[in-house]
Amino acid sequence: MTVEANTSAIGMASEPSSAFRPILEWVARRAEPVAISFGAILIGLALFSVFIVVIGKSPITLFQLMYTGGFGSWFSIQNSLSRAAPLLLTALCVALPARLGLVIIGGEGAVVLGGVAAAAVALPFVGTLPALLVLLVMAAAAMIVGGIWIGLAGFLRHYRGVNETISSLLLAYIAIALMNQFVEGPLRDPASLNKPSTAPLPADYMLGKIPGMDVHWGLAIGIVACIVSWVLIEVTSYGFAARIAGGNVRAAQIQGLPVGRLIVGFTAIAGSFAGLAGMIEVAAVQGSANASLAAGYGYTGILVAFLARHNPLAIIPVAILLGGIDASGGLIQRRMGLPDATVLVLQGTLFVVILLFETFYGRFKIFNPDLWKRNP
Amino acid sequence: MDESGIGIWGVPLAILAGAIRVSTPFIFVSLGETITERSGRINLGLEGTLVFGAMTAYAVAVMSGSAWLGVLAAMGTGAVFGLVHGWICKWPKVNDIAIGIAMMQFGLGMAFFLGKPFIKPVAPHLPSIPLGGWSSLPQVQAALNINVLFLIGALLAVALWWAFKNTRVGLILRVVGDSTDAARAMGIDPDRIRLLATAAGGSLAAVGGAYLSLYYPGSWNEGISSGQGLMAVALVIFARWNPIGCFLAALLFGGAGALGPALQSVGVTQGYYLFYAAPYVLTLAILIATSSPTRSLAGAPGALSVTK
């Protein structure tokens, strides 16, 4: 495969005039991640189709329903966008530390505690402060708590050598226990009987909808967060330093870069985004903090970040795509009699195949920009 | 005799009973992960393997009427999951930690998907041995009602400890885990050893799952595991890749997990939910205490990505 691609590519390279070379070079550089990701998604969908056929259902019907449920109408698009909002933020929680070579999988903990913190600080101010101010206080509290939580994993990594993947995961379980304690104990609204919750946020203190859409402001916040993260990584010197430290810690230390501060800073920023996702879940969806906060957004965010190859801008379409798959789950369940876990199987299959396809990077010479630079 | 009959002694007894009852899945998953990690690869996907094993064991036990057939079937599927993980990880540039997370999601998804019809039916349970027959106290009897898998796990820990030290297979595994180059120089194919070690680890993790669905709590549902498979990964580090250490650490974890319910049974309800966090806090505290930013962990296989 690689050899054939190589020879045919050279054959093509000699044809275009030199004016096109820079364009081809640019395309070759950009095309590799796109082509490999699409190849992986196609293979993943094919494998999933085989599974559906084995179960005795039609994959074509399933994909049609998935499209209808996720993107087939304005209503379903808005539903998908609403579901994408928390995924944007939890994916950033994975993508930012990944620039430093850290694998953080405990974003769920920051989501949960961010939500609890937001609910806890909002209630004393309701009625005394204007809604916008209360929402800002909520967001700040959620971001601080989430930032501390994931920042702790970064701190332990650098200053104690504790593996961040495992510590962030343990912290997520601890966070869920803390949430249950708060929601069942000191913060519990006595009126919440079957489902222990904090006191509900009055409707006029909730995060509203984006004008003209049935989607809450969380989507806009998430997209802005992705753009800010992109600027942070790609434009600022802070992001450049992080990329150096991610590539080679020793080189970064020799250059005098503050590796410890970079690691703690990046994990804290990442955690504050996941905390913000918790606040949005409370202020725009649930109206109070309760066990529904641990809905798995933190874990789906891992998938989104890996699919987007930790690129904050690529997170936006991937999160919307996965939000759409998520949103179509109910329709598939009703129309085809398949369990709600169908979506989980699809996500898992795609995730595995896409990671496996990492191995193809750099193997196809057609994507090598140098090939297009060479004179015939 | 009622609860108050043994008063405050009920707490340590309940913790002991809980330790024995809760630790078995930890024993199997951590022993499996020890085999895998000793070969130089980490499998974070054991959580998915555990849950899929629990579902397989339950489904096969329901259909065949034999709990042991369920355990065997679980081992088979666990080995398949391990083989898939091992095969994917042998490719260059593939991150074994990320693949573990992906396999975990895949395993959970498949288990929930295929396990839907088995939430209602009742499967035969695994047998247990009443070692507490000498006592007239029902609490003691209940505490010492020990499942066969727990005993198998204890024996397996000793056997593995011995095998790592004294057998050719154990030596090959350790060499592969410590240095890929040294293994190649000895004429060993590291990829094949790691593939087999991952498969063995997966089949043991699935036995842990079978214990969950066929003995304690003893039914199949989607919330059957609260991260036991993942905790086991931390537990292996804590146990320093030593099988006997894994067994003792699993008992400690089980005991920590039983603390909350034990205290609640004698009327301590303050901070009840915080006790659920006890095993996680304990693991984290031990990791912090024993890690160091400058040297790798004592006893860690050299080729292992998680400790670098």
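This briefing looks at a helix pair in chain B and an aromatic pair in chain A. Please keep in mind that the model is predicted. It scores ipTM 0.89 and pTM 0.89. For chain B, the mean pLDDT is 88, and 96% of the residues reach 70 or more.

**Helix packing in chain B**

- Two packed helices are described by the angle between their axes and the distance between the axes.
- Helix H2 of chain B covers residues 46-64 and helix H4 of chain B covers residues 96-115; their axes come within 7 Å and cross at roughly 15 degrees.
- Because angles under 35 degrees count as roughly parallel, H2(B) is roughly parallel to H4(B).
- The crossing of H2(B) and H4(B) is left-handed.
- On the H2(B) side, the contact is made by B:Glu47, B:Gly48, B:Val51, B:Phe52 and B:Met55.
- On the H4(B) side, these residues meet B:Met104, B:Gly107, B:Leu108, B:Met110, B:Ala111, B:Phe112, B:Leu114 and B:Gly115.

**Aromatic pairs**

- Over all chains, the count comes to 19 aromatic pairs.
- One of interest here joins A:Phe48 and A:Phe51, whose ring centres lie 6.3 Å apart with the planes at 35 degrees, so the pair is tilted.
- A:Phe48 and A:Phe51 both belong to helix H2 of chain A (residues 21-55); because they are three residues apart there, about one helical turn separates them.

Terms used: Residues are numbered from 1 along each chain as its sequence is written. Chains are lettered from A and ligands numbered from 1 in the order in which they are written. This is a predicted model: local features need pLDDT of at least 70, side-chain atom pairs count only at pLDDT 80 or more; totals for chains, interfaces and linings use all residues. Side-chain values use heavy atoms; hydrogens and water are left out. pLDDT is the predictor's confidence in each residue, from 0 to 100. Axes are lines fitted to C-alpha atoms, for helices over the stretch in contact, and angles run from 0 to 180 degrees between N-to-C directions. Helices (H or I, at least four residues) and strands (E, at least two) are DSSP runs, numbered from the N terminus. Angles under 35 degrees count as roughly parallel, over 145 as roughly antiparallel, 65 to 115 as roughly perpendicular and the rest as oblique. A crossing is left-handed if the near helix is turned anticlockwise from the far one by less than a right angle, and right-handed if clockwise. Contact means heavy atoms within 4.5 Å. Rings of Phe, Tyr and Trp (its six-membered ring) pair if their centres lie within 6.5 Å; planes under 30 degrees apart count as stacked, over 60 as edge-to-face and the rest as tilted.
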